[in-house]
Amino acid sequence: MSSTKNSKDNTTAATTTPGRYSYFYNKKIKQAEQDIQFRKQYETIGKQTSQLLKGLTIYVNGHTIPGRLQIHDMVVLNGGRFLHHLSSKGSATHIIASSLPPKKRIEFKNYKVINPQWLVDCIKQQKIVPWQEYSILKSNIEQPSILKTSSVVTTPGNKTGPPDCNDPNFLVDYFKHSRLHHLSEWKASLRQKFVESYRDIQPLTHSDSSYTILHIDFDCFFATVAYLFRDKRKTPTLDFDKDPIAVCHGVKNSDIASCNYAARKFGLKNGMWVGTAEKMLPNDIKLTTLPYDFEHIEKGSKVFYSVLQGIEQFYCVLPVSIDEAICVMAKDAMENKQTLLQLCNALRQRIKHETSGCVVSVGVSDSLVLARLALRTAKPNGVFLFDNNSESQDSTDVNQFWSSFKLDDLPGVGRSTLKKIRDKYPKVKTLHDLRQSCQNVASLQSVLGNKLGEKVCLALRGKDDDESARIIYDPINVFQRKSISIDINWGIRFKDMVEIDRFLDVCSDYLVNQKLAEYNKLTSSITLKLMQRCVDAPIDPPKYMGMGRCDPFTTSSRLGVPTNDDGIIATELKHMFRTLPVPPVELRGVSIQFNRLVDANDAVDPNAKVGLSLLFQSGHASSTAITTTTPPTRSIESPHDRGESTDPHRRYKRLKRSPVKERQDQLESNQRQAYQQQFFQELPTQIRKDVQHELEITRKVKGSKLQRMKEKLQKRENAIQNMNSHFMNNDSIFVPIKFQKETNFEKICSMVNDWVRETIKEKGPHERDLQFFKKYLNKLCDSDRVHLVLRLADMVSVTLNLMSHKYGDREGFLEWEMILLKFIVPLMNRNRHTFQTERKLDIEYDI
DNA sequence: GTCGACCGGAAG
DNA sequence: CATCGCTTCCGGTCGAC
């Protein structure tokens with residue numbers, strides 16, 4: 001079993017680690033052995049044990065209920081590791097405590113500190129439940145409010161500080177308050193439910209290609225809910241029909257999530273800022289702002305969907321969002337309009353009654369697009385049926401119908417498309433006008449592109465395009481999830497790479513352990529998008545903690561094997577971040593996307609499911625006789641280091657091949673680590689300043705049109721030569737770049753990266769290439785650009801770390817490791833004095 | 001012609 | 001004090017092969 005090997009690891013660590021720590025190491029081993037014994041005893045008397053907590057290391061701080069001993073038993077018997085002493089930083093994955101004094105709060109700031117209930121619930125549910133819910137660092141303990149009814153969350157004394165993206169709970173806390181996040185989550189979960197419950201149901205057929213469509217949604221749902229469940233002590237006389245009301249967080253540049261019709265009367269719109277909205281109101285009329293009430297929104301939505309799903313005339317109920325659905329009925333439902341309208345009004349009544357006052361409107365027609373337009377006409381609080389085919393609908397009615405819509409009322413026409421149409425047809429104001437102006441598809445297609453042009457054209461005739469209609473004929477596929485991502489473009493303010501790395505760890509943790517786990521998927525492709533403050537944008541944008549105007553930077557990466565290992569993913573993200581030229585302080589937004597999802601159950605080899613396990617197998621195969629077929633994901637001595645390890649060498653260091661070599665290497669690398677850490681710690685501020693300064697200049701240079709044209713030309717030129725010839729040729733890329741500016745450095749970086757990655761798999765770099773590379777690095781040093789060497793070093797190190805899983809025992813891997821340790825790092829050290837002197841920039845301006 | 005990276009747009 | 005600017009998918013462009 002894995003346990004024997006784990007204890008072996010411990011022994012190794014104890015004997016090779018010198019000095020004052022050995023006592024703790026020995027003690028730790030003893031305890032770990034006892035734990036294993038304990039577990040075995042349990043198993044021999046036939047008690048149940050599990051592997052639930054495998055890979056987790058738990059430390060108990062202070063007095064808890066259940067007590068320390070009980071927790072110990074719970075942890076050990078479920079395959080976890082119980083830490084008796086928090087000897088070294090980062091050795092525990094979870095800390096259990098009931099409360100923490102302020103000092104400990106700071107000390108444990110970057111840990112998952114949870115109350116004991118988490119463990120109890122994990123065991124009860126036999127799964128790792130999200131720890132965030134149990135975090136005790138989140139805020140002060142919420143006092144139970146005397147009045148349980150209201151939606152007001154502001155309990156006295158519950159002061160939350162300013163948003164801080166370094167807080168380990170930032171992400172969860174932010175999402176908890178974000179309406180857009182909620183909308184996305186709700187939508188995803190409704191779709192998921194649909195897929196699960198309709199999986200076996202016959203899809204509607206295309207041949208029977210006409211249905212009656214009901215498009216139903218709540219009128220200003222957020223505002224209604226906020227009003228109905230408001231704190232009535234604060235606004236006792238508020239009148240929903242007369243007083244303008246908006247839902248938002250703040251007072252000035254806060255988004256209005258939803259406003260009632262009394263507010264819309266004055267031109268207020270959802271998405272507007274509160275300050276703007278207030279200016280639109282007459283002086284004597286005040287805007288009442290109410291807080292979000294996500295809880296009641298969810299409750300209302302449940303009622304909404306259960307009422308709709310209970311209506312047997314509906315073939316299916318397609319979720320659009322938390323407050324909006326499309327119901328499909330037989331075509332002949334249109335034939336008896338009175339019955340149809342009765343049905344609509346009945347469901348409206350029921351929903352209003354069961355939600356204690358939330359009103360829905362219904363649009364009915366024979367296509368998706370017309371039902372949606374009809375819904376618009378129906379609002380607020382109404383039903384509208386538009387019969388596109390009946391002769392009873394005379395042409396003036398039809399014209400009136402179309403005349404009542406603005407151009408962007410048409411589904412698929414937003415801000416940008418609206419502008420395009422306006423530019424082409426300046427006189428067109430309504431959809432009726434547009435119907436008149438563009439009879440043929442081609443004219444619209446020339447402005448909007450093929451698909452959108454066709455879509456709009458069809459829509460104007462009341463027909464759905466195929467893409468839109470898929471939701472009816474192929475809902476399972478439409479609702480099937482194809483990607484998973486998160487976006488954080490608010491509250492992002494970082495000081496340095498260390499903080500960003502930590503944030504990327506948090507993101508990986510969330511994406512992997514919440515999202516991938518929830519959908520039981522692995523990912524094989526990652527995209528990272530960064531938002532960088534525009535050069536000329538203010539440091540503090542108008543919106544508090546907002547992103548302001550930004551330039552986007554994107555990069556993506558294909559992982560060799562689909563994975564759900566948060567360590568691998570975090571490492572890859574950190575690496576990707578470094579390939580983008582965004583200085584930490586200028587970062588305003590982060591977005592991470594998992595692109596090619598694979599069903600975890602479909603993974604070929606169940607052991608290969610987690611990328612790391614493969615590697616452990618190969619890593620240990622030659623060292624000890626291991627008979628097990630279930631490799632441990634993490635060793636006891638080195639619990640998984642996601643989030644804690646800042647040393648990129650650590651992971652591959654653990655994967656050395658022979659025990660003899662391992663010991664040697666370990667000694668060496670311990671020194672190296674200490675040495676490097678010191679080196680890095682002393683210098684980063686100056687380096688950062690330098691890099692940042694240079695990037696600012698680069699950006700200014702990039703800002704000019706001429707430069708952009710030049711870059712394009714350059715790119716084309718580069719394209720002609722392929723990578724190999726770069727390296728094998730006398731005109732190695734490293735020669736011409738010796739005095740070039742940093743724009744090119746990014747390309748160099750990526751080429752070097754490719755080069756390293758390719759040659760790791762083989763026999764290492766070609767000797768001549770290596771000479772060029774060394775020469776290049778030397779030149780960088782000589783020309784006061786050690787910071788660039790640092791970046792290259794970091795990149796190589798990350799790449800090694802990343803590839804150790806698969807290629808850790810290849811010749812090329814070892815060679816690159818040597819190059820890094822024996823050449824690059826010493827090189828940086830040789831020139832460390834240059835970091836401490838002011839350095840003039842010698843960038844060429846050759847515009 | 002096809003593929004993939006990247007980008008913009010729309011939706012709630 | 002401020003404030004919680006998400007997430008998914010489609011379609012287009014451009015460059016590589």
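User: What makes up the surface near DNA strand B in this model?

Analyst: In this predicted model, helices α7 (179-198) and α15 (415-424) and strands β9 (316-321) and β15 (550-563) each supply at least two residues of that surface. The largest share, five residues, comes from β15.

User: Which residues does UniProt list for "binding site"?

Analyst: The unreviewed UniProt entry lists Asp217, Asp323 and Glu324 under that name.

User: How do you know that these residues gather at one spot?

Analyst: They span 108 residues in sequence, but no two of their C-alpha atoms are more than 5.4 Å apart, so they do gather at one spot. The contacts of Asp217 include Asp323 and Glu324.

User: Why is Asp217 called buried?

Analyst: A residue needs 20 or more other C-beta atoms within 10 Å to be called buried. Asp217 has 22 such neighbours, so it counts as buried. You can find Asp217 in strand β5 (residues 211-218). Leaving aside residues up to four places away in sequence, Asp217 also touches Val360, Ser361 and Leu375.

User: And is Glu324 buried or exposed?

Analyst: Glu324 has 20 other C-beta atoms within 10 Å, and the cut-off is 20 or more, so Glu324 is buried. Look for Glu324 in strand β10 (residues 324-330).

Definitions and conventions
Residues numbered from 1 in each chain as written. Chains lettered and ligands numbered in written order. Predicted model: local features only at pLDDT ≥ 70, side-chain atom pairs only at ≥ 80, totals over all residues. Helix = DSSP H or I, 4+ residues; strand = E, 2+ residues; numbered from the N terminus. UniProt positions renumbered as here; feature names shortened; annotations may be inferred. Buried ≥ 20, exposed ≤ 12 C-beta atoms within 10 Å, placed from the backbone. Contact = placed C-beta atoms within 7 Å.
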